[in-house]
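The following paragraphs go from the fold of one chain to its contacts with a partner chain. Please keep the sequence and the coordinates at hand while reading.

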Amino acid sequence: MLIRRIKHGFWWTALAAALAVALSQAWLWAGIAGQNRLIGQLLAGRDVAVEDFANADPALRLARAVYLRKAGRYDDALATLNLLLQQAPPALRAQARYNLGNLYLTQAQEKLKAGGVDSATPLVGLAKQAYREALAADPGFWDAKYNLEVAMRLLPEMDRINSGNQEDDGSQKSELWTSLPGFPRGLP
Amino acid sequence: MKRRRYLVKVSRLAALASAATLAAACAGGPSRPVEAFNLETPRPFGYQIGDTVPMRILVQTRPGVQLQAASLPKPGPLNRWLNLRRIELVEAGADAYRIDLEYQVFYAPLEVKALTIPGFALRFSQYGQTVEESVPPWQFTLAPLRELIARQDVDGEYLRPDQPPALLSTAGVRTNLALALMAAAVLGLKLARQYGYLPWFARRSPFKTAEKRLRRLAPAELAAGLAALHSAFNATYGAPVFGHRLPDFLRAHPEFGQIQSELVWFFDYSNRFFFAVQPDLASADCERLQKLCGWCRAIERGSR
């Protein structure tokens, strides 16, 4: 009656396996729900403890960068976003680049308001670069299109281009670099 | 954004070229190496910053004419505002090529502005000679996204806000959890039924009843214990089982064959107990009966 015993044991094993899978999935669910709660907390404007970031999902880091920019902690936001750009899945990377562009552009606007045109110029350039990369990753990213246009109009002399006249390109490139006098020292 | 394709075909057929020009241009060749050349372009208006512009070139060459892949433009920035995102060369049949191009425009106009995607030259090689076929430049218009004097907010010009991440999806985990719980419930019910814990959905488990009866059996009540065990055999078989009909029972329930010697002893012992004049009782018999009943119970629920 070995077959019967094996069959009997099989049913018990299957039950144990099903329960183990259920337990592990419940554990995962609890983890995801916890991360979602933290994301909601960050977006509502309350910081979370650093130890929660030990093995945090990239989405949580992105939420923290949004929070940090809102709180005016630009350097921390920049560090978070730069780390995120190395780790994030492609879907989040476009968002991270766009938020990075917003970070640069906000700082540039603040510098412009304070009268520091020289230090604002490289920041606008960086913002443009970030928006372009976001759009290269996701051409249908409307917010990135809008803000790229804002950034491009902030430095209108850079956009003086004759539509695709190739013989102009060389001179335009030199104009681009002469219009960025503060580039080396303005980097954040 | 749904992009309707307006097809503008720039066709150059060899037949259209005049024979006189051909004779003057290439003295050796009987006709042009590129038989057909089509440039398919999308609508030439309604673009905005960051939009992509797809194009397709269809080329049909004469046999033996090869397109030089090196003459295709390389992906990357073509000028300050134009980026070639993707270029793909597909051989579509014999001596036919399809080139898919995707440009992306990064230009911020103040008003609707006409821009031109520059043309390039495709080179073909034919018996060591090189022939060029030019792809014409293509003009389209680009519109701004904002008004000329844009609205301001406290920090300066109005900006679109940061994008918050979407909440993580739990759908997959929840589906897995539900499936696992369902499987566990089904398996649990099956085992519970097999063990006889579902009296309303009972699998007949007469030995369970007998086992209960035997467990709290005083030595003096041996008769009742034997009767309980007998009735369990009868219920399992569906008819009274006697010692001499044991082979019939085992034929109907072969799983009990593994304890055949014990069963033989049981029926023999029962006969002697009920019908012998002087039954030889021993206290060990009670334990042996209980053990037998335990085996039967294990066989009944399938664990032995």
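**From chain A to its interface with chain B**

Chain A has 188 residues, and 47% of them count as buried. The model is predicted. The secondary structure of chain A consists of 8 helices and 0 strands, which gives the pattern α-α-α-α-α-α-α-α when the chain is read along its sequence. Among the contacts in chain A that link residues at least 6 apart in sequence, 45% are between residues at least 24 apart.

A:Arg64 lies in helix α2 of chain A. Is A:Arg64 buried or exposed? With a relative accessible area of 14%, A:Arg64 is buried, because buried means under 20%. Leaving aside residues up to four places away in sequence, A:Arg64 touches A:Leu42, A:Asp47, A:Phe53 and A:Arg73.

The next step is the interface. In general, the size of an interface is often given as the accessible area that is lost when the parts come together. Between chain A and chain B, the buried area is about 5900 Å², with carbon and sulfur atoms giving 61% of it. On the side of chain A, the residues that lose the most area to chain B are A:Tyr146, A:Glu149 and A:Arg153, which together make up 12% of what that side buries. Counted by residues, 61 of chain A are in contact with 66 of chain B.

Polar interactions also cross this interface. There are 23 residue pairs in polar contact between chain A and chain B, both residues being at pLDDT 80 or more. Which elements of chain A give two or more residues to the side that touches chain B? They are α1 (2–43), α2 (58–70), α4 (90–113), α5 (117–137), α6 (142–154) and α7 (169–178). The largest share of that side, 20 residues, comes from α1(A). By residue class, the side of chain A that touches chain B divides into 34 nonpolar, 14 polar and 13 charged residues.

Charged pairs complete the description. Across the interface of chain A and chain B, 3 salt bridges are found. One salt bridge joins A:Arg69 to B:Asp162, and the closest N and O atoms of this pair are 2.7 Å apart.

Conventions: Residues numbered from 1 in each chain as written. Chains lettered and ligands numbered in written order. Predicted model: local features only at pLDDT ≥ 70, side-chain atom pairs only at ≥ 80, totals over all residues. Heavy atoms only, no water. Contact = heavy atoms within 4.5 Å. Buried area = accessible area lost by both parts, 1.4 Å probe. Salt bridge = Lys/Arg side-chain N within 4 Å of Asp/Glu carboxyl O. Polar contact = N/O pair within 3.5 Å; in protein donor to acceptor, adjacent residues only side chain to side chain. Helix = DSSP H or I, 4+ residues; strand = E, 2+ residues; numbered from the N terminus. Nonpolar A, V, L, I, M, F, W, Y, C, P; charged D, E, K, R; others polar. Buried < 20%, exposed > 50% of the residue type's maximum accessible area, 1.4 Å probe, protein only.
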